[in-house]
Amino acid sequence: MKKFIFISFFIIIISTVIAIYQVWNRQSLIISKEIVKEKLKFPASHFIQWKGAEIHYTDEGEGIPVLMIHGFGGAYTHFEDMARLMKDQYRIIRVDLPGFGLSEYPDGYDPKSFTESYQDYLRYLLGVLQLDSLYVMGNSLGGLIAWNCAVQHPDKVKKLVLLSPAGYELDEVLSPGKILKHEWIQKIALKGQPLWMTRSGLEEAFYKKDKVKDNVVERINLFTNREGVIPHMINVALTKDFPDTALIRNVQCPTLIIWGKEDAIIPIEHTEKFKRDIPGSQVVIFENSGHCPMMEDPEKTASQCLRFLRAKRFKAYH
């Protein structure tokens, strides 16, 4: 019996060592910027220069501009269905934040925090596109950037939509990413993200796993493995420079907050914090929905957003 236990233990150790060796020495999955750009740019894509970096956004439709901002590790395609459902009534501008999607992060640019760098980027973008009056919506990290944009530009941002936004208790929300502080983990991560890992991440963000489509997983995997994206993701995940949540109380415009009840990324309890700190804000909770309602339940999300953006007075419908 002891011999059997020893042999089993020995086999487990050898198998673990082999698995670690294979992961450590696996072929790089990183793809050049040019190849990903050619595969994933959109007919409405535009590329501009910001601090020497090439920045991507899409611009389609007519009417009042609606700026859509994706979350951590995301891209402009996260709002693809929302754009399709809303572009007949609004001018839809979807951004790739610097360092994500098809947007580069400027070399040598080192502000005090990523929040500050994205403030600087949005200030530049609003100026270049001459956006003097607009609506802004954002998901997760994009929600944080959206409410910050409303605070920084109260004269321009007329309405705000927050989709499972980040803001409170960020050290705890980002805690899973702290594993990246280990150099050997970074070395593995910098070789690229396997497709199964991309799928696992998206399934964590969704409640209805059957809505995780193969083509969406493959596209997100391409964005993630684009040259330069993973180093930026590591830097953002390890940041200690969090925005002051007291600033949320300075949001002055009408605000709609949409949250999936089964959000596994940011606790749904944060809805009460946002509602408390943004006077007059309205909350809509989606049953059986996760962290990315605009992807998991686009029709329902677009319906709520359209009702909110059109109305002089808005009442939330659950």
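Me: What should I know about the model before I start?
Reply: The model is predicted: local features need pLDDT of at least 70, side-chain atom pairs count only at pLDDT 80 or more, and totals for chains, interfaces and linings use all residues. Residues are numbered from 1 along each chain as its sequence is written, and side-chain values use heavy atoms, with hydrogens and water left out.

Me: Which strand pairs with β1 over 6 bridges?
Reply: Strand β2 (residues 53-60), in the antiparallel sense. Trp50 stands opposite Ala53 in β2.

Me: How do I describe two packed helices?
Reply: Use the angle between their axes and the distance between the axes. Axes are lines fitted to C-alpha atoms, for helices over the stretch in contact; angles run from 0 to 180 degrees between N-to-C directions. Take helix α4 (residues 114-128) and helix α5 (residues 141-152): their axes come within 10 Å and cross at roughly 65°.

Me: Which residues of α4 and α5 meet?
Reply: Contact means heavy atoms within 4.5 Å. From α4 come Thr115, Tyr118, Gln119, Leu122 and Leu126; from α5, Leu144, Ile145, Asn148, Cys149 and Gln152. The contact has 6 nonpolar, 4 polar and no charged residues. The classes are nonpolar (Ala, Val, Leu, Ile, Met, Phe, Trp, Tyr, Cys and Pro), charged (Asp, Glu, Lys and Arg) and polar (the others, Gly among them).

Me: What is a cavity, and what is a pocket?
Reply: Both are found on a 1 Å grid over the protein atoms alone. In a cavity, a 1.4 Å probe fits but cannot get out; a pocket is an open set with protein on both sides within 12 Å along at least five of seven lines. Lining residues have an atom within 4 Å of a point.

Me: Which helix gives the largest share of the largest cavity's lining?
Reply: α5, with 5 residues. The lining includes Thr115, Tyr118, Leu144 and His153. By class, the lining has 5 nonpolar, 5 polar and no charged residues.

Me: Which helix gives the most to the lining of the second largest pocket?
Reply: Helix α10 (residues 229-237), with 4 residues. That lining divides into 6 nonpolar, 6 polar and 5 charged residues.

Conventions: Helix = DSSP H or I, 4+ residues; strand = E, 2+ residues; numbered from the N terminus. Pairing = 2+ DSSP bridges.
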